[in-house]
Amino acid sequence: MILLGAPGAGKGTVAKGLVDHVGVTHLSTGDMLRAAVKAGTEVGKQAQSFMDRGALVPDEVMVALIAERVSQDDCLSESGANRFLLDGFPRTLPQADALDERGLGPQAVIYLDVPTDIIVRRLTGRRSCPDCGTPFHVDFKPPKADGVCDVCEGTLVHRADDQEGPIRKRLDTYTAQTAPLVQRYADVLLTIDGNQAPGAVLEAVLAAVTGRSPE
Ligand code: AP5
Ligand code: MG
(Lines give C-alpha, C1' and ligand atoms only; values in the text may rest on other atoms or scores of the structure.)
(Ligands and ions follow the chains in the order given, each with its own letter.)
Protein backbone atom coordinates (compact mmCIF):
# COMPACT_ATOMS: atom_id res chain seq x y z
CA MET A 1 0.00 0.00 0.00
CA ILE A 2 1.00 3.59 -0.57
CA LEU A 3 -0.03 6.65 1.47
CA LEU A 4 -0.27 9.64 -0.83
CA GLY A 5 -0.96 13.25 0.14
CA ALA A 6 0.48 16.73 0.41
CA PRO A 7 3.01 17.63 3.12
CA GLY A 8 1.10 17.66 6.42
CA ALA A 9 -1.91 15.78 5.02
CA GLY A 10 -1.55 13.30 7.90
CA LYS A 11 0.35 10.41 6.25
CA GLY A 12 2.54 9.76 9.31
CA THR A 13 -0.42 10.01 11.68
CA VAL A 14 -2.52 7.53 9.66
CA ALA A 15 0.48 5.21 9.23
CA LYS A 16 0.90 4.88 13.01
CA GLY A 17 -2.77 3.86 13.27
CA LEU A 18 -2.51 1.35 10.42
CA VAL A 19 0.55 -0.25 12.00
CA ASP A 20 -1.40 -0.73 15.24
CA HIS A 21 -4.59 -2.02 13.56
CA VAL A 22 -3.42 -4.13 10.61
CA GLY A 23 0.21 -4.83 11.57
CA VAL A 24 2.22 -3.73 8.56
CA THR A 25 5.79 -2.47 8.20
CA HIS A 26 5.74 1.33 7.81
CA LEU A 27 8.38 2.83 5.53
CA SER A 28 8.50 6.63 5.77
CA THR A 29 11.19 7.95 3.44
CA GLY A 30 11.16 11.27 5.35
CA ASP A 31 11.87 9.43 8.64
CA MET A 32 14.54 7.29 6.94
CA LEU A 33 16.27 10.39 5.54
CA ARG A 34 16.11 12.27 8.87
CA ALA A 35 17.69 9.21 10.58
CA ALA A 36 20.42 9.19 7.90
CA VAL A 37 21.10 12.91 8.44
CA LYS A 38 21.31 12.37 12.21
CA ALA A 39 23.68 9.41 11.79
CA GLY A 40 25.85 11.40 9.33
CA THR A 41 25.75 8.69 6.61
CA GLU A 42 26.60 9.38 2.96
CA VAL A 43 22.88 9.41 2.05
CA GLY A 44 22.23 11.83 4.91
CA LYS A 45 24.94 14.19 3.68
CA GLN A 46 23.52 14.11 0.15
CA ALA A 47 19.94 14.66 1.37
CA GLN A 48 20.20 17.36 4.03
CA SER A 49 20.40 20.50 1.90
CA PHE A 50 17.48 19.36 -0.29
CA MET A 51 15.33 18.57 2.74
CA ASP A 52 16.06 21.78 4.66
CA ARG A 53 14.92 23.91 1.75
CA GLY A 54 11.86 21.79 1.01
CA ALA A 55 13.13 20.37 -2.30
CA LEU A 56 13.04 16.70 -3.33
CA VAL A 57 16.09 14.49 -2.87
CA PRO A 58 17.20 13.14 -6.32
CA ASP A 59 15.25 10.12 -7.59
CA GLU A 60 18.31 7.85 -7.88
CA VAL A 61 19.15 8.33 -4.18
CA MET A 62 15.55 7.62 -3.14
CA VAL A 63 15.09 4.58 -5.40
CA ALA A 64 18.32 3.00 -4.09
CA LEU A 65 17.24 3.67 -0.49
CA ILE A 66 13.80 2.07 -0.93
CA ALA A 67 15.06 -0.85 -3.06
CA GLU A 68 17.48 -1.80 -0.29
CA ARG A 69 14.92 -1.38 2.48
CA VAL A 70 12.11 -3.44 0.89
CA SER A 71 14.48 -6.39 0.41
CA GLN A 72 14.58 -6.86 4.20
CA ASP A 73 12.61 -9.65 5.90
CA ASP A 74 10.10 -7.41 7.70
CA CYS A 75 8.72 -6.32 4.29
CA LEU A 76 7.58 -9.86 3.44
CA SER A 77 4.46 -11.67 4.67
CA GLU A 78 4.64 -15.22 6.07
CA SER A 79 3.88 -16.56 2.58
CA GLY A 80 6.77 -14.54 1.13
CA ALA A 81 4.65 -11.88 -0.63
CA ASN A 82 5.62 -8.20 -0.47
CA ARG A 83 3.79 -6.48 2.40
CA PHE A 84 4.65 -2.93 3.45
CA LEU A 85 3.19 0.57 3.69
CA LEU A 86 5.02 3.34 1.81
CA ASP A 87 4.69 6.88 3.25
CA GLY A 88 6.35 9.61 1.19
CA PHE A 89 7.39 7.34 -1.70
CA PRO A 90 6.85 7.49 -4.64
CA ARG A 91 6.85 11.27 -4.94
CA THR A 92 7.59 11.59 -8.66
CA LEU A 93 6.56 9.70 -11.79
CA PRO A 94 10.07 8.19 -12.22
CA GLN A 95 9.87 6.86 -8.63
CA ALA A 96 6.51 5.23 -9.47
CA ASP A 97 8.12 3.72 -12.59
CA ALA A 98 10.92 2.32 -10.43
CA LEU A 99 8.39 0.45 -8.27
CA ASP A 100 6.66 -0.99 -11.36
CA GLU A 101 10.00 -2.09 -12.84
CA ARG A 102 10.65 -4.10 -9.68
CA GLY A 103 7.19 -5.71 -9.67
CA LEU A 104 6.22 -3.59 -6.63
CA GLY A 105 3.20 -1.73 -8.06
CA PRO A 106 0.72 -0.99 -5.22
CA GLN A 107 -2.44 -2.94 -4.42
CA ALA A 108 -4.03 0.21 -2.96
CA VAL A 109 -3.11 3.90 -2.83
CA ILE A 110 -4.67 5.80 0.07
CA TYR A 111 -4.95 9.46 -0.96
CA LEU A 112 -5.47 11.89 1.94
CA ASP A 113 -7.23 14.94 0.56
CA VAL A 114 -6.75 18.13 2.68
CA PRO A 115 -7.17 21.82 1.71
CA THR A 116 -3.99 23.94 1.60
CA ASP A 117 -4.95 26.43 4.33
CA ILE A 118 -5.46 23.57 6.80
CA ILE A 119 -2.11 22.07 5.82
CA VAL A 120 -0.16 25.24 6.61
CA ARG A 121 -1.68 25.34 10.13
CA ARG A 122 -0.88 21.65 10.69
CA LEU A 123 2.75 22.02 9.66
CA THR A 124 3.56 25.22 11.56
CA GLY A 125 2.18 23.63 14.78
CA ARG A 126 3.66 20.16 14.33
CA ARG A 127 6.19 18.75 16.78
CA SER A 128 7.81 15.41 15.88
CA CYS A 129 9.65 12.71 17.78
CA PRO A 130 13.09 12.26 16.17
CA ASP A 131 13.44 8.82 17.82
CA CYS A 132 10.19 6.99 16.87
CA GLY A 133 8.73 9.39 14.27
CA THR A 134 5.38 9.98 16.04
CA PRO A 135 3.87 13.35 15.02
CA PHE A 136 2.17 15.69 17.55
CA HIS A 137 0.54 19.10 17.17
CA VAL A 138 0.54 21.97 19.66
CA ASP A 139 -3.25 22.42 19.24
CA PHE A 140 -4.68 19.31 17.51
CA LYS A 141 -2.65 16.54 19.17
CA PRO A 142 -0.64 17.87 22.12
CA PRO A 143 1.64 15.41 23.95
CA LYS A 144 0.69 14.52 27.55
CA ALA A 145 3.86 16.20 28.87
CA ASP A 146 5.09 19.35 27.13
CA GLY A 147 7.87 18.56 24.60
CA VAL A 148 8.01 14.83 25.45
CA CYS A 149 6.93 11.95 23.16
CA ASP A 150 4.01 9.92 24.62
CA VAL A 151 5.28 6.76 22.93
CA CYS A 152 9.04 6.63 23.68
CA GLU A 153 9.72 9.71 25.86
CA GLY A 154 11.99 11.22 23.18
CA THR A 155 12.43 15.01 23.11
CA LEU A 156 10.05 16.51 20.51
CA VAL A 157 11.51 18.78 17.81
CA HIS A 158 10.20 21.43 15.42
CA ARG A 159 11.43 20.17 12.02
CA ALA A 160 13.73 22.53 10.09
CA ASP A 161 11.42 22.27 7.05
CA ASP A 162 8.31 23.15 9.11
CA GLN A 163 9.01 26.90 8.77
CA GLU A 164 7.03 29.17 6.46
CA GLY A 165 9.55 29.39 3.54
CA PRO A 166 10.26 25.63 3.24
CA ILE A 167 6.53 24.83 3.77
CA ARG A 168 5.61 26.99 0.76
CA LYS A 169 8.36 25.35 -1.31
CA ARG A 170 7.21 21.84 -0.27
CA LEU A 171 3.64 22.62 -1.31
CA ASP A 172 4.79 23.94 -4.71
CA THR A 173 6.97 20.87 -5.20
CA TYR A 174 4.03 18.62 -4.27
CA THR A 175 1.75 20.30 -6.82
CA ALA A 176 4.32 20.10 -9.62
CA GLN A 177 5.86 16.69 -9.04
CA THR A 178 3.73 14.53 -6.74
CA ALA A 179 0.09 15.48 -7.41
CA PRO A 180 0.24 13.84 -10.92
CA LEU A 181 0.47 10.49 -9.09
CA VAL A 182 -3.24 10.82 -8.17
CA GLN A 183 -4.04 10.37 -11.86
CA ARG A 184 -1.37 7.74 -12.35
CA TYR A 185 -2.89 5.54 -9.63
CA ALA A 186 -6.56 6.23 -10.50
CA ASP A 187 -7.30 2.47 -10.80
CA VAL A 188 -6.26 1.66 -7.22
CA LEU A 189 -6.94 5.04 -5.57
CA LEU A 190 -8.89 5.22 -2.28
CA THR A 191 -9.66 8.92 -1.72
CA ILE A 192 -10.13 9.83 1.95
CA ASP A 193 -11.32 13.18 3.33
CA GLY A 194 -8.27 14.04 5.46
CA ASN A 195 -9.92 17.17 6.86
CA GLN A 196 -11.59 15.42 9.81
CA ALA A 197 -10.45 14.61 13.34
CA PRO A 198 -7.51 12.14 13.36
CA GLY A 199 -9.68 9.28 14.70
CA ALA A 200 -12.29 9.81 11.97
CA VAL A 201 -9.59 9.85 9.27
CA LEU A 202 -8.14 6.58 10.55
CA GLU A 203 -11.60 5.01 10.74
CA ALA A 204 -12.29 5.99 7.11
CA VAL A 205 -8.93 4.62 6.00
CA LEU A 206 -9.46 1.31 7.82
CA ALA A 207 -12.95 1.01 6.29
CA ALA A 208 -11.58 1.66 2.79
CA VAL A 209 -8.69 -0.76 3.20
CA THR A 210 -10.68 -3.60 4.77
CA GLY A 211 -13.83 -3.00 2.71
CA ARG A 212 -16.15 -2.57 5.71
CA SER A 213 -18.30 0.51 6.48
CA PRO A 214 -16.98 3.13 8.93
CA GLU A 215 -18.43 2.90 12.49
P1 AP5 B 1 8.38 13.81 4.66
O2 AP5 B 1 8.85 13.60 6.03
O3 AP5 B 1 7.73 12.68 3.93
O4 AP5 B 1 7.46 15.11 4.64
P5 AP5 B 1 6.08 15.48 3.92
O6 AP5 B 1 5.59 14.70 2.77
O7 AP5 B 1 6.27 16.90 3.70
O8 AP5 B 1 5.02 15.04 4.91
P9 AP5 B 1 4.99 15.36 6.39
O10 AP5 B 1 5.75 14.31 7.15
O11 AP5 B 1 5.38 16.78 6.59
O12 AP5 B 1 3.42 15.25 6.70
P13 AP5 B 1 2.50 14.00 6.96
O14 AP5 B 1 1.56 13.85 5.81
O15 AP5 B 1 3.27 12.79 7.41
O16 AP5 B 1 1.64 14.59 8.18
P17 AP5 B 1 1.67 14.27 9.74
O18 AP5 B 1 0.96 12.97 10.00
O19 AP5 B 1 3.03 14.46 10.31
O20 AP5 B 1 9.59 14.30 3.74
C21 AP5 B 1 10.47 15.32 4.18
C22 AP5 B 1 11.46 15.65 3.09
O23 AP5 B 1 12.26 14.49 2.78
C24 AP5 B 1 10.87 16.09 1.74
O25 AP5 B 1 10.55 17.46 1.71
C26 AP5 B 1 12.03 15.73 0.78
O27 AP5 B 1 13.06 16.67 0.86
C28 AP5 B 1 12.54 14.43 1.38
N29 AP5 B 1 11.89 13.23 0.80
C30 AP5 B 1 11.13 12.31 1.48
N31 AP5 B 1 10.69 11.36 0.64
C32 AP5 B 1 11.17 11.68 -0.59
C33 AP5 B 1 11.04 11.09 -1.88
N34 AP5 B 1 10.34 9.96 -2.07
N35 AP5 B 1 11.67 11.70 -2.92
C36 AP5 B 1 12.40 12.81 -2.74
N37 AP5 B 1 12.55 13.44 -1.56
C38 AP5 B 1 11.96 12.86 -0.48
O39 AP5 B 1 0.68 15.44 10.27
C40 AP5 B 1 1.08 16.80 10.17
C41 AP5 B 1 0.59 17.55 11.44
O42 AP5 B 1 -0.83 17.59 11.46
C43 AP5 B 1 1.00 16.87 12.77
O44 AP5 B 1 1.25 17.88 13.70
C45 AP5 B 1 -0.23 16.05 13.16
O46 AP5 B 1 -0.32 15.89 14.56
C47 AP5 B 1 -1.36 16.92 12.61
N48 AP5 B 1 -2.49 16.12 12.13
C49 AP5 B 1 -2.44 14.96 11.40
N50 AP5 B 1 -3.68 14.53 11.11
C51 AP5 B 1 -4.54 15.46 11.63
C52 AP5 B 1 -5.96 15.60 11.63
N53 AP5 B 1 -6.75 14.68 11.02
N54 AP5 B 1 -6.49 16.69 12.23
C55 AP5 B 1 -5.71 17.62 12.84
N56 AP5 B 1 -4.35 17.54 12.87
C57 AP5 B 1 -3.78 16.48 12.27
MG1 MG C 1 5.34 12.36 7.61
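## The shell around ligand 1

A residue is taken as near a molecule if one of its heavy atoms lies within 4 Å of that molecule. In this predicted model, 36 residues surround ligand 1, and the closest are A55, R91, R126, F136 and R170. By class, the shell around ligand 1 is made up of 17 nonpolar, eleven polar and eight charged residues.

## Polar contacts and burial

Oxygen atoms of ligand 1 are approached both by backbone and by side chain: a backbone N or O atom of F136 lies 2.6 Å from one oxygen atom of the ligand, while a polar side-chain atom of R159 lies 3.2 Å from an oxygen atom of ligand 1. For a nitrogen atom of ligand 1, a polar side-chain atom of R122 is found at 3.4 Å.

Taken alone, ligand 1 exposes 1,000 Å², of which the protein buries 96%. Two or more residues of the shell come from each of helix 1 (11–22), helix 2 (29–39), helix 6 (116–124), strand 6 (135–137) and helix 9 (198–210), and helix 2 gives the largest share, four residues.

## The second largest pocket

The second largest pocket has a volume of about 370 Å³. It is lined by 16 residues, of which M1, N82, R83, F84 and Q107 are the closest to its centre, and the elements that give two or more residues to this lining are strand 3 (84–87) and helix 9. Helix 9 is also among the elements that give two or more residues to the shell around ligand 1.

In terms of residue class, the lining of the second largest pocket consists of twelve nonpolar, three polar and one charged residues.

Notes. Residues numbered from 1 in each chain as written. Chains lettered and ligands numbered in written order. Predicted model: local features only at pLDDT ≥ 70, side-chain atom pairs only at ≥ 80, totals over all residues. Heavy atoms only, no water. Polar contact = N/O pair within 3.5 Å; in protein donor to acceptor, adjacent residues only side chain to side chain. Areas by Shrake-Rupley, 256 points an atom, 1.4 Å probe, with all protein chains shown as cover. Nonpolar A, V, L, I, M, F, W, Y, C, P; charged D, E, K, R; others polar. 1 Å grid on protein atoms, 1.4 Å probe; cavity = no way out; pocket = protein on both sides within 12 Å on 5 of 7 lines; lining within 4 Å. Points joined across faces, edges and corners; volume = space filled by probe spheres on them.
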